[in-house]
Amino acid sequence: MRPRTCAIAIALAATGLALPLTAHASEPTEPPPLTSDFNGDGYADLAVGVPSGTVGGKAKAGYVSVVFGGEYGPGPHGVRRITQATVEVPGTPEAGDRFGSAVTTAYVNGDRYADLVIGAPGEDIDAKADAGSVTVLYGTGDGFATANTAARGDAAGAAYGNALVAADFTGDKAVDLAIGAKDKVVFNAAPAAAKTGLAMDDRFGGRAPVMTTGDFDDNGIPELAVAFYTQSQPYTQSHVQLFRYDKPDEPDKPDEFDGGFALTWSSDNSAANALATGDFNGDGLDDLALGNCREIADENIDDPCGPEETAKGGGIHIHYGDGDGLVWQGQTLNQDTPGVPGVAEQGDDFGNALTSADFDGDGKDDLIAGAPGEAIGSAARAGSVTVLKGGAKGVLDADGSARAVSYQQNSPGILGVAQKDDAFGAALATGDHNGDGRPDLSVAAPGENASAGGVWDLPGGAAGGSVITPNSLGLPVSSDPLAYGAVLGR
């Protein structure tokens, strides 16, 4: 199984309706892997990070809501609220910990239960304020069992855990973690211990790095993709970069960090708020999608995000894999591209959240793009989500047009009403929550109900399904906005 971890950022979405995607088969060619089945019941579960949540009176202590899947999708089959007051979890809830700022899932200890990895970049370590930490919570038959700390920030303000991805970077068949921090990414080859080494460092402009993984050079071992940018005088820099783990020259040495990550590919002068990995043209090679991609520097060089006009309202650029790595020239689109619903408008933030899944089982991944800034009628920043179908040429056909459908809260079959600042499409995730063998789409609207938030379940990536909110799950109401759905794990 090729690792397919996607990273997302809050965004504001696309409007309009299009013809539904045509399924090429009534059943997928093979069931999608269950990457988030924490209790081993055969249904993918949904992890929702709520870093702004109040816990025990501590503002922004943060929590993670685990919504178990089942025959009727996420919601009716139980929920667990995970905090640093949970018995299995190390630490204590404190104001500003922001536990749940990043969430990912992986089979860390190799059993049949998925494990939950949680970042808390505001965690104080000893006397180091906001050093940050990462916790691994291990799945078991009744939900979760033991936990351990996988990383501790090394300095005040280090913010370990502001971003997370998991993959076997070293090729030893064990799960490794790449952990975002302030102006660097650290690496943990043994999540059962809090031992980290430096993966890469640069200036991130005070933002968390955007990360994903994929086997872009087709050597059987995934690379780490990192997007970041800094924009301040006199220093302006933006990058999307790939890093490959190089094994140590003397593998018998006891220090597992004798090896390290080497830069293998760099898209300078571009900035992406989201990354997603998928095989969008069905050639068996991983491709990399850059979401809300734009050129931010002034250098007169080739624009790695494609033609400048396609950046209006948020552009998506796809670098396709060719067996040796990523090709420089790929496909670029926005909401003015033929076949993409809506109109490109400033502030739409089209592609500010990305994920991928093969909804119709045709062997080609579909690309899902959130546009949380999209206006729906007079409702500013109500948001939308667009499913772009993969094809033999990729997301765009030979004539440069897309096959896509867009959903928002005024679409038939989508519960709710599009309202100002809902930010529908701000975060995205996929998983087979109802056990029918097809991936389902989770779409977050953290601005729903005066920023209480909610997550929509779209079975098979189509209209229908249900919506979960803090109220529907019986979660405690806070005097501060909960922003339920600001972070979705996968």
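A residue counts as buried here when its relative accessible area is under 20%. By that cut-off, buried residues make up 59% of the 490 residues in this chain. Keep in mind that we're looking at a predicted model.

**The chain as a whole**

On the secondary structure side, the chain has 29 strands and 1 helix. Take the contacts with a separation of 6 or more: 59% of them link residues 24 or more positions apart. The accessible surface is about 18000 Å², and carbon and sulfur atoms account for 49% of that.

**An open sheet of four strands**

One place to start is the open sheet that runs β4-β5-β6-β7, with antiparallel pairing. Its edges are β4 (102-106) and β7 (143-152), each of which pairs on one side only. On average, neighbouring strands in this sheet are turned by 20° against each other, ignoring direction.

**Around β27**

Next, have a look at strand β27, residues 455-458. V455 and D457 point one way, W456 and L458 point the other way, and all of them are buried. β27 pairs with β26 (residues 440-444) in the antiparallel sense, and it also runs antiparallel to β28 (residues 466-468).

| Strand pair | Sense | Bridges |
|---|---|---|
| β26 and β27 | antiparallel | 4 bridges |
| β27 and β28 | antiparallel | 3 bridges |

**The largest nonpolar core**

Now for the inside: the largest nonpolar core has 19 residues. Which of them have the most contacts inside it? Those are I316, I318, L333, L354, L367, L388 and V395. At least two residues of this core come from each of β17 (274-278), β19 (315-319) and β22 (366-371). The largest share, 3 residues, is supplied by β22.

Note on methods. Residues are numbered from 1 along each chain as its sequence is written. This is a predicted model: local features need pLDDT of at least 70, side-chain atom pairs count only at pLDDT 80 or more; totals for chains, interfaces and linings use all residues. Side-chain values use heavy atoms; hydrogens and water are left out. Buried means under 20% relative accessible area, exposed over 50%, partly exposed in between (1.4 Å probe, protein chains only). Contact means heavy atoms within 4.5 Å. Accessible areas come from the Shrake-Rupley method with a 1.4 Å probe; for residues, only the protein chains shown count as cover. Two strands pair if DSSP finds at least two bridges between them. Axes are lines fitted to C-alpha atoms, for helices over the stretch in contact, and angles run from 0 to 180 degrees between N-to-C directions. A nonpolar core is a set of buried Ala, Val, Leu, Ile, Met, Phe, Trp, Tyr and Cys residues joined through side-chain atoms within 4.5 Å.
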